[in-house]
Amino acid sequence: MDRGALNAPWLQPAIEQLRRAREQGRFPAALLVQDVPGGGGALLAETAAAMALCDETAAPCGACRGCRQLAAGQHPDLYVVTPIEESRQIRVEQVRELVERLSLTSHAGGAAVAILNPAEVMNASAANALLKTLEEPRPGTTLILVTTTPSRLPATILSRCLRLKVCVPARAELLSWLRQERGAGDWESVLAVLGDAPLRAATANVSELAQLRRETFSALQDALAGGLDIPATATRWARADNLELRLACIENWITTRINVAVTAARGAPELRNATHLPAAASAMNIGNLIRLYDVARELTRLLPTPVNKAIAVEQLLWLLRAA
Ligand SMILES: [Zn+2]
């Protein structure tokens, strides 16, 4: 699905701010888009780039040479810097090359834009190499840094950028936005699994994800009750290409249990100690559930590495059985 075709109303205040700045001839030379996962920061960065590269005052006009080149995906002065795959870093060589090309373009008198996304994976020497361009920006050059964790960027960089914060709407508003953009479906389940990440949700297969969540919840319930073939299930889950989503479902199940346990713990002591309550709802298990959550998170983090997924999932399920 083309996320560019989506209308993301929560980005409008930031876009409006940029539009006014541009009309007043004070479009920023450096922008920091503070995103949340799935919040649409890349979309905001692309819109800002389109404004910077348009020749007209009411930008982006969609009709000028710059706009047409951009729409065709062929603008010669738009540079997008992303991590080198194997290192998962933005490296100093990449930034040096960018700085060189930006200086050539702006010498020629045209506008140039660089988007660095995610910017926080710049290593220290890459950040240093970028700093000089930020300190002495050439006219017509715009640097756009997109990050979900600005705290991982040096203060020297942060202080030179105009910060645009992506604020996603509350859950209820997101649900009606998803229904409007994508039609009916179990969007509650999608947001429960993916978090309030509208652009991730909008590109998800709603019925598949809701089904995956139901199936995972039921298997975990079976595991708790001792009725799940843990090694076979772990192998099957680890082999499938939706393991990351499966783990998101598992995290969702654990947080749901934690909420139940916390609610029970807030209740009267006689309720808390009542033996007739399901074991997993007792306050005694909150610690175990949190440990389990940490293990699931860690496994998600390790997915891009050569970790033995089947063994890791199996350990997670045994831990859950013991919790
Ligand atoms: Zn234009």
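Modeller: First, the ground rules. This is a predicted model, where local features need pLDDT of at least 70, side-chain atom pairs count only at pLDDT 80 or more, and totals for chains, interfaces and linings use all residues. Residues are numbered from 1 along each chain as its sequence is written, and side-chain values use heavy atoms, with hydrogens and water left out.

Biologist: How many helices and strands does the chain have?

Modeller: The chain has 15 helices and 5 strands. Helices (H or I, at least four residues) and strands (E, at least two) are DSSP runs, numbered from the N terminus. The C-alpha atoms fill a box of roughly 75 × 40 × 40 Å along the principal axes.

Biologist: What makes Thr-142 buried?

Modeller: Buried means under 20% relative accessible area, exposed means over 50%, and partly exposed is in between (1.4 Å probe, protein chains only). Thr-142 has a relative accessible area of 4%, so it is buried. Across the chain, buried residues make up 43% of the 323 residues.

Biologist: Which residues does Thr-142 touch?

Modeller: Contact means heavy atoms within 4.5 Å. Leaving out residues up to four places away in sequence, Thr-142 touches Phe-27, Pro-28, Ala-29, Ala-52, Ala-112, Val-113 and Ala-114. In the chain, 70% of contacts between residues at least 6 apart in sequence join residues at least 24 apart.

Biologist: What joins S2 to S3?

Modeller: S2 and S3 are joined by 4 bridges and run parallel. Tyr-79 stands opposite Ala-114 in S3.

Biologist: In what order do the strands of the open sheet come, and why are S2 and S5 said to stand at the edges?

Modeller: The order is S2-S3-S4-S1-S5, with parallel pairing. S2 (78–81) and S5 (162–165) each have a single partner strand, so one side of each is left without a neighbour in the sheet. On average, neighbouring strands of this sheet are turned by 15° against each other, direction ignored.

Biologist: Now the helices. What makes H2 mostly covered?

Modeller: In H2, 10 of the 13 residues are buried. Among them are Gly-41, Leu-43, Leu-44 and Met-51.

Biologist: How does the reach of H2 compare with the expected span?

Modeller: The expected span is 1.5 Å times one less than the number of residues. H2 (residues 41–53) has 13 residues and reaches 18 Å from its first C-alpha to its last, close to the 18 Å expected.

Biologist: Why are H8 and H12 called roughly perpendicular?

Modeller: Axes are lines fitted to C-alpha atoms, for helices over the stretch in contact, and angles run from 0 to 180 degrees between N-to-C directions. Angles under 35 degrees count as roughly parallel, over 145 as roughly antiparallel, 65 to 115 as roughly perpendicular and the rest as oblique. The axes of H8 (residues 187–194) and H12 (residues 243–266) cross at roughly 90° and come within 8 Å. H8 and H12 are therefore roughly perpendicular.

Biologist: Which residues meet there?

Modeller: Ala-192, Val-193 and Leu-194 of H8 meet Leu-245, Ala-248, Cys-249 and Asn-252 of H12. This contact has 6 nonpolar, 1 polar and no charged residues. Ala, Val, Leu, Ile, Met, Phe, Trp, Tyr, Cys and Pro count as nonpolar, Asp, Glu, Lys and Arg as charged, and the others, Gly among them, as polar.

Biologist: What makes H10 oblique to H15?

Modeller: H10 (residues 206–224) and H15 (residues 309–322) pack at about 55°, with their axes 8 Å apart. That angle makes H10 oblique to H15. Leu-220, Ala-223 and Leu-224 of H10 make the contact with Leu-317, Leu-320 and Arg-321 of H15. By class, that is 5 nonpolar, no polar and 1 charged.

Biologist: Last one. Why does Arg-257 count as buried?

Modeller: Arg-257 lies in H12. Its relative accessibility is 16%, so Arg-257 counts as buried.

How values were computed:
Pairing = 2+ DSSP bridges.
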